[in-house]
Amino acid sequence: GPRPMLHWIATHPPLVILLLFIAFAAAELLRGQWKSPHGTREDAPLEAAITLLFGAVVYPGVLFVVGACASHYTPQLAGAWSSLSVWAMLALFLLGDDLTQYLWHRASHTPLLWPLHRAHHSAPHMGVHVVYRNNFFYYAMMPGLWISAYLVFLGLGAVYPFYVMVKMLVIFGAHSELRWDRVLYRHRWLHPLAWV
């Protein structure tokens, strides 16, 4: 039934995200969209390295540092917001993570931060494999990662796995070559949904 699946998702968010990534990659590969004729020999190693670096170093590192600092400096706040409604928790993640990631991305198009984000836009191709194609420090300094980790410490951990899974599904879908959203642009009445 759905309960064991929901429990599994809640207890394995990094694995769920990895599986989503693999699913998009496999679909692109099967459709002949994984390798671009415009790519260079340096692209694949760069994309693989930064993806692994993010998943194995940056993300767990942020979680560890925030958890250690929060436990040391604000132990009395552990789980303090766990009684909030699911909707309140989602709103906090949308503000603390999604909005700040949007603002961070916008700021990364300014001269000061562009060197951290330039690699993402220098890819000669599109596809799910360019999702993490950024400078190490682009992710290490991303405010949303730090805020999300602290929100989990505050007690929003029950909602976070589902929130991040939907968020990554949107991000992978936005970068994918699968053109899954073509139908949204084909019909005028679906344009508002495409905008969202």
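I take a helix to be a DSSP run of H or I with at least four residues. His175 is found in helix H8 by that rule. I am working on a predicted model.

**Entry 1: His175**

Next I listed its contacts, leaving aside neighbours within four places in sequence. His175 touches His120, Met126, Gly127, Val128, Val130 and Val131. I also checked His175 against Leu145, 30 residues away along the chain. Their C-alpha atoms are 20 Å apart.

**Entry 2: helix H3**

I moved to H3, which runs over residues 43–73 and has 31 residues. From first C-alpha to last, H3 reaches 42 Å, close to the expected 45 Å. I then looked for a bend, and found one of about 40° at Phe54. Phe54 is also among the buried residues of H3, which include Ile50, Val58, Val62 and Val66. Residues three or four places apart point the same way, because an α-helix has 3.6 residues a turn. What do the buried residues of H3 pack against? I found helix H6 (136–140), helix H7 (143–156) and helix H8 (160–175).

**Entry 3: H3 and H7**

I took the axes of this pair. They come within 9 Å and cross at roughly 50°. That angle makes H3 oblique to H7. I noted the crossing of H3 and H7 as right-handed. On the H3 side, the residues that meet H7 include Phe54, Tyr59, Leu63 and Ser71. On the H7 side I noted Leu145, Trp146, Ala149, Tyr150 and Phe153.

How values were computed: Residues numbered from 1 in each chain as written. Predicted model: local features only at pLDDT ≥ 70, side-chain atom pairs only at ≥ 80, totals over all residues. Heavy atoms only, no water. Helix = DSSP H or I, 4+ residues; strand = E, 2+ residues; numbered from the N terminus. Expected span 1.5 Å × (residues − 1). Bend = angle between axes of the 7 residues up to and from the residue. Buried < 20%, exposed > 50% of the residue type's maximum accessible area, 1.4 Å probe, protein only. Contact = heavy atoms within 4.5 Å. Axes fitted to C-alpha atoms, helices over the stretch in contact; angles between N-to-C directions. Parallel < 35°, antiparallel > 145°, perpendicular 65-115°, else oblique. Left-handed = near helix turned anticlockwise from the far one by under 90°.
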